[in-house]
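Me: Please go through the packing of aromatic and nonpolar side chains with me, step by step.

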Amino acid sequence: MHTIAQQLDSALEKAASEAKKESLQTLFDANPERVNTFQCHGAGLSLDYSKQRLNDAHRKLLIELGTAAALGTRFEALVHGETVNITEQRPALHTLLRGTAGDKSPERYSEVTSALALMQQLVTDIHSGDRRGFTGQPFTDVVNIGIGGSDLGPRMVSRALWTKTPKLQAHFVANVDPQDLDETLHDLDPATTLFIVCSKSFTTEETLSNALRARDWLLNAGAAQSDVAQHVVAVTTNLEAAGEFGIDTEQCYPMWDWVGGRYSVWSAIGLVLALNLGWDAFTEFLEGGHAMDSHTLDAPVAENLPMTLALLEWWNTLYIGTETHLVLPYAQRLSAFTDFLQQLTMESNGKSATVEGQPIKKPTAPVLWGSAGTIGQHSYYQLLHQGNREFSADLILPLTNGDVDTDAHRKLAANALAQSRAFMIGRNEQEARALAESRGQDQLMAAHYGMSGNHPHSLITFNAVTPKTLGALIAAYEHKTFFLGALFNLNPFDQWGVELGKVIGRQIDKVLASGDGLEALDPSTAKAIEAWRAANA
């Protein structure tokens, strides 16, 4: 654990011991104004954390921790382009993609603005019909081929900003399983379909396999090899490989090593969004992220929304003892948000060593999971209410939702607030006994109806899911992830665990193809390879 955190560890342990003895209801009874104090507001978002298991003294201790850990100074170092990714010796400048602190990195920001201009030109050409498919028809669909950060971010944003009248219909392919691409292309017309191949190296196995099959689909439909450049663009740095594929190198949009994949939706990886939703929507999305950057730079710890999210997760995971963290968006538009956050948080902070290479003995990040309400209420919420595992949660509730049915949205809001209250109060022993009695049952049956409640959680609200609020929401969780990494003194910007699987995967692919090298593998893997080769002989 970081030295500063160690200095406060004893005080935090004592505070947690006190907090575990208090119920949330007691905290509200002791301080009716609690809800007005335990609040943060920034970039159109409101965070109510009054249902977290801490009193005002504990809250002040967490603020002291955030101040002592110099979280504000660390964030300035991030946005100013200092080398925060220590294993790969580079900055992590995803904030620059939305214009934050451009004056601190003028050369890189010039590259960003140039890339945006090229993206805008392509969007204009396609939406105006100046660029068409090989039969002369305008494009109607765009297929994004990527994986990981090249897929999860744009897929989530496209789903969240769905409109009845898209500029182009957007589709996403990530799995190397051929079923993924085959299902996507089944109802599409090759003559009116544009592809975006997203791979920095242009060698990512899953992406390249799908791209080659997509090219064959075009050629089999009557396109000439020379037509491929009209239907396929790339986000890559390997211009030579893209050119060999048939892509015009002037239609290759940059990826920079100072932007990690899970932070790349703001870059040319978001090209599919601009084609799907329009350039104005993409610009507003960037503006929302920039607004949250500004809030995070300017707000003191006590009022800083992303810092507060990080400090609460630190408190719950290390001291209250929660095992997992749920993100529960009560908006179908945000149905893919938790999938996106799983990569963002667990790929970033799923580490076990400090920046100095010392072991971290406490859990660095909880497992993050969840799904859109109200669907989860009819599956795993049973475990949340009556199981014996400790968890924390963020409930996300847009207060309006465009022109949808107001009555239906009221029911959605009622469910969100009901679950929040149920997490807080549960059902006490007296109420459980009364329920058993009302059912004509023995008092021993009351145990089946009791619920402990007292589960720590926050409520995040905003007016509606718009490009700006979505940009702010994503940026808030990006910064929360960074601050939590800073508290643990780890590097949240590399992912060597992901790289290991890729290396071994390439080795096994060769053995699957040839059958040679089985003796170098463990018996279980070797036997599975033999079974696969027999099934595909």
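**Aromatic pairs and the core**

Me: How many aromatic pairs does the structure hold?

Reply: This is a predicted model, in which local features need pLDDT of at least 70, side-chain atom pairs count only at pLDDT 80 or more, and totals for chains, interfaces and linings use all residues. Residues are numbered from 1 along each chain as its sequence is written, and side-chain values use heavy atoms, with hydrogens and water left out. Rings of Phe, Tyr and Trp (its six-membered ring) pair if their centres lie within 6.5 Å, planes under 30 degrees apart being stacked, over 60 edge-to-face and the rest tilted. Under that criterion, the number of aromatic pairs is 20.

Me: Which kind of pair do the rings of Phe337 and Tyr477 form, and why?

Reply: Both Phe337 and Tyr477 are buried, meaning under 20% relative accessible area, with exposed over 50% and partly exposed in between (1.4 Å probe, protein chains only). Because their centres are 5.6 Å apart and their planes stand at 80°, the pair is edge-to-face.

Me: Which residues touch the most other members of the largest nonpolar core?

Reply: A nonpolar core is a set of buried Ala, Val, Leu, Ile, Met, Phe, Trp, Tyr and Cys residues joined through side-chain atoms within 4.5 Å. The largest has 109 residues, and those touching the most other members are Trp315, Leu334 and Phe337.

Me: Which residues make up the aromatic cluster that includes Tyr263?

Reply: Elsewhere, a second, separate core of 22 residues includes Trp217. The cluster in question is formed by Tyr263 together with Phe75, Phe482, Phe483 and Phe493.
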